[in-house]
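Work through the exercises below with the structure in view, trying each task before reading its solution.

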Amino acid sequence: MHLGGVVAGWTYNLWLKHTVLSPLPYAAGFASLPAFVTLGPPAPVWPAWWATTAAALLGVGAHLSNVLPDIEDDLATGVRGLPQRLDRRTCRWLAPVVMLTAVGVLAAGPPGTVGATGWALTGAAVAVAVAGTAVRSGPRSRWPFRAAIVVAGIAVARLLPLAPDMT
């Protein structure tokens with residue numbers, strides 16, 4: 001799994017960051033994280049679909065939000081990945097939607113009920129994502145990226161208690 005993440009990173013840097021497929025290495029790299037956890041113990045098993053799917057979505061959301069402050073610089077240097085082709089406004093709205101979809105997968109995917117903590121974390125993720133998108137900020141502001149990081153952190157907090165069910 002680690003080697004897959006390394007390959008995804010190199011593939012991004014050498015080729016895919018210049019194409020519409022630029023989110024794929026992020027999706028692959030993040031999606032490998034649950035497998036790293038579940039394949040490590042003495043009795044390795046593949047992670048549940050919902051853990052891998054949520055992690056992949058978090059990776060795509062991170063990619064979309066990470067480029068926001070640098071879109072103009074990227075375009076000036078020839079980087080034309082998917083976010084640069086979409087433009088800042090679209091990425092600013094799409095990133096939290098993708099990350100909230102990950103939180104939704106973590107709420108709906110695992111067996112059992114969501115519970116009060118799960119609903120509270122989901123509500124907090126929605127509030128932070130909306131604030132990260134709706135609060136006006138300058139074109140080079142890191143605010144949307146920071147909000148995306150908080151949403152990702154909430155998703156991880158939602159995922160940790162589910163770790164025993166990840167298989």
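**Exercise 1. Find how many cavities of 30 Å³ or more the whole structure holds, and describe the lining of the largest one.**

Solution. A search of the whole structure finds one cavity of 30 Å³ or more, a cavity being a set of points on a 1 Å grid over the protein atoms alone where a 1.4 Å probe fits but cannot get out. The model is predicted, so local features need pLDDT of at least 70 and side-chain atom pairs count only at pLDDT 80 or more, while totals for chains, interfaces and linings use all residues. Residues are numbered from 1 along each chain as its sequence is written, and side-chain values use heavy atoms, with hydrogens and water left out.

The next step is the volume, the space filled by probe spheres set on grid points that are joined across faces, edges and corners; for the largest cavity this comes to about 80 Å³. Its lining (residues with an atom within 4 Å of a point) has 13 residues, and P96, T133, P144, A147 and A148 lie nearest the centre. Helix 6, helix 7 and helix 8 are the elements that give two or more residues to this lining, helices being DSSP runs of H or I with at least four residues, numbered from the N terminus.

**Exercise 2. Locate the salt bridge, and decide whether each partner is buried or partly exposed.**

Solution. The whole structure has one salt bridge, defined as a side-chain nitrogen of Lys or Arg within 4 Å of a carboxyl oxygen of Asp or Glu. The partners are E72 and R88, at 2.3 Å from N to O. Because E72 lies in helix 4 (residues 71-76) and R88 in helix 6, the pair ties together parts that are 16 residues apart in sequence. E72 counts as partly exposed at 40% relative accessibility, whereas R88, at 17%, counts as buried.

Methods
1 Å grid on protein atoms, 1.4 Å probe; cavity = no way out; pocket = protein on both sides within 12 Å on 5 of 7 lines; lining within 4 Å. Buried < 20%, exposed > 50% of the residue type's maximum accessible area, 1.4 Å probe, protein only.
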